[in-house]
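The sequence and structure come first.

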Amino acid sequence: MIDAQAVGKIIEKYDQSKLSIGTLGSHSSLNIFKGAKEEGFRTVCICKEKDAIMYQKYPLVDELIIVKDFTELLSEQLQDRLRKLNVVLIPHGSFTAYLSTEQLTDSLKVPMLGNRQLLHWEANRKSQEEWLRQAGLRLPATFKSPDDIDCLVIAKLQGAKGGRGYFLANTPKGFYKKAEEMMKRGLVTKQDIETVHLQEYALGVNVYPSYFSSILNNDVELLAMDRRYESAVDSIGKIPAQQQLEIDVAPTYTVVGNFPIVLRESLLPEIMRMGENVHKKAEELAPPGIIGPFCLETVITDDLKIYCFEISARIVAGTNVGIGTSPYAYLRYGENMYMGRRIAMELKEAVKQKRLHEVVA
Ligand code: AMP
Ligand code: AMP
């Protein structure tokens with residue numbers, strides 16, 4: 001485990017007047033790089049050859065490092081290069097999708113914005129649920145075994161990439177039948193089914209509020225809100241019910257994009273309190289709590305109950321809908337504030353106040 005002391009030693013050697021902001025070229029990197037440039041940082045992008053076009057077309061990246069695979073981030077040689085460039089890494093969904101929690105906590109010896117300890121709380125569905133429950137959030141019920149299913153459930157795979165392979169069932173029999181079909185179609189493996197997480201399906205609309213937890217200001221800010229555009233579930237309604245039955249469509253949840261949302265104002269106080277409480281709980285579980293961006297994944301039902309089914313303790317791609325501005329960022333900061341820029345602002349302020357060691361881990 002790379003601890004605060006180890007990271008502290010690395011940043012002692014940094015030339016903080018020449019700090020660079022770096023990340024993997026994917027997910028929310030354009031958002032992060034744009035924000036970094038606007039706050040005057042140099043930027044470093046580690047990307048795959050096939051994706052380089054994006055970072056060549058937009059004038060956002062000062063140093064483009066091409067890798068064959070994102071796991072190259074674990075190589076001593078690349079890490080050494082990043083440290084020489086005084087890089088602070090901004091983790092996003094591709095870090096957790098392509099690297100394991102252990103690799104991130106034990107082998108990445110480059111300062112990262114955020115709290116590495118929290119990765120363990122987040123990576124495991126059980127501990128994550130404990131965290132959210134203890135924070136007083138309303139969670140969908142979970143089922144230990146498929147044999148206990150007595151309502152509509154969503155079956156989630158461990159470490160799924162963006163909802164891939166999820167399916168629905170409302171009886172034990174229905175579950176086993178669906179699992180069999182999914183295995184036949186090659187969408188899930190036997191091991192996926194053995195370790196599947198069964199959660200009550202909350203019937204409602206998805207809302208993903210994104211927050212920024214500022215250690216410097218000791219405050220949690222609500223900065224953006226989105227919902228996802230998921231294939232195939234968002235397209236099923238285009239087919240008449242008769243044909244749905246005939247072709248036996250499975251509602252899968254592969255994310256392809258996001259939409260911005262403006263929430264009914266009377267729901268906002270609870271959304272705000274949820275963010276604050278999750279951070280407060282994190283302060284107890286893994287001090288100093290959440291550092292920087294985080295997002296709660298919620299479903300709001302027709303009786304206006306907010307169910308939270310997941311947390312991401314880092315920037316989510318849904319904040320890309322706010323590049324430039326979002327209503328919630330606007331309310332607080334006026335024009336031209338968004339998650340990528342808010343991150344850079346915090347790093348700049350941390351350097352100014354000589355508190356960089358408090359926001360990286
Ligand atoms: P990618 O680098 O696009 O493969 O994405 C890395 C991880 O982030 C995957 O688990 C994706 O499902 C997730 N992800 C990427 N883009 C989005 C998005 N727009 N909204 C939600 N999740 C996303
Ligand atoms: P996740 O990978 O956990 O972000 O979930 C992917 C998608 O599955 C979400 O965007 C929702 O559309 C859906 N989903 C996940 N959990 C639930 C739930 N408990 N109730 C209803 N829909 C859910």
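## Ligand 1

An N or O atom in the side chain of Asn258 lies 2.5 Å from a nitrogen atom of ligand 1, a polar contact being a pair of N or O atoms within 3.5 Å; within protein, one must be able to donate a hydrogen and the other to accept it, and residues adjacent in sequence count only if both atoms are side-chain atoms. On its own, ligand 1 exposes 480 Å², of which the protein buries 73% (accessible areas come from the Shrake-Rupley method with a 1.4 Å probe, and for residues only the protein chains shown count as cover). This is a predicted model, in which local features need pLDDT of at least 70 and side-chain atom pairs count only at pLDDT 80 or more, while totals for chains, interfaces and linings use all residues. Residues are numbered from 1 along each chain as its sequence is written, chains are lettered from A and ligands numbered from 1 in the order in which they are written, and side-chain values use heavy atoms, with hydrogens and water left out.

The ligand is surrounded by twelve residues, with Ser26, His27, Ser94, Tyr98 and Asn258 the closest (a residue is near a molecule or strand if one of its heavy atoms lies within 4 Å of it). Helix H5 (93-98) and strand S11 (253-260) each give at least two residues to this shell, and H5 has the largest share, four residues. Helices (H or I, at least four residues) and strands (E, at least two) are DSSP runs, numbered from the N terminus. By class, the shell has four nonpolar, six polar and two charged residues; Ala, Val, Leu, Ile, Met, Phe, Trp, Tyr, Cys and Pro count as nonpolar, Asp, Glu, Lys and Arg as charged, and the others, Gly among them, as polar.

## Ligand 2

Around ligand 2 there are 18 residues, of which Asn206, Tyr208, Glu230, Glu297 and Glu310 come nearest. An N or O atom in the side chain of Tyr208 is 2.4 Å from an oxygen atom of the ligand, and for Glu310 the corresponding distance to an oxygen atom is 2.5 Å. A nitrogen atom of ligand 2 is 3.1 Å from an N or O atom in the side chain of Gln199. The protein covers 96% of the 480 Å² of accessible area that ligand 2 has on its own.

Elements giving two or more residues to the shell of ligand 2 are strands S6 (153-156), S8 (197-200), S9 (205-214), S10 (219-232), S12 (292-300) and S13 (306-312). The shell consists of nine nonpolar, three polar and six charged residues.

## Helix packing

Helix H2 (residues 29-38) packs against helix H14 (residues 339-352) at about 45°, with the axes 7 Å apart. Axes are lines fitted to C-alpha atoms, for helices over the stretch in contact, and angles run from 0 to 180 degrees between N-to-C directions. H2 and H14 are therefore oblique to each other (angles under 35 degrees count as roughly parallel, over 145 as roughly antiparallel, 65 to 115 as roughly perpendicular and the rest as oblique).

## Backbone features

His27 is not a glycine, yet has a positive phi of about 65°; His27 sits in the loop between strand S1 (20-24) and H2. The peptide bond from Ser231 to Ala232 is cis, with omega near 15°, and Ala232 belongs to strand S10.
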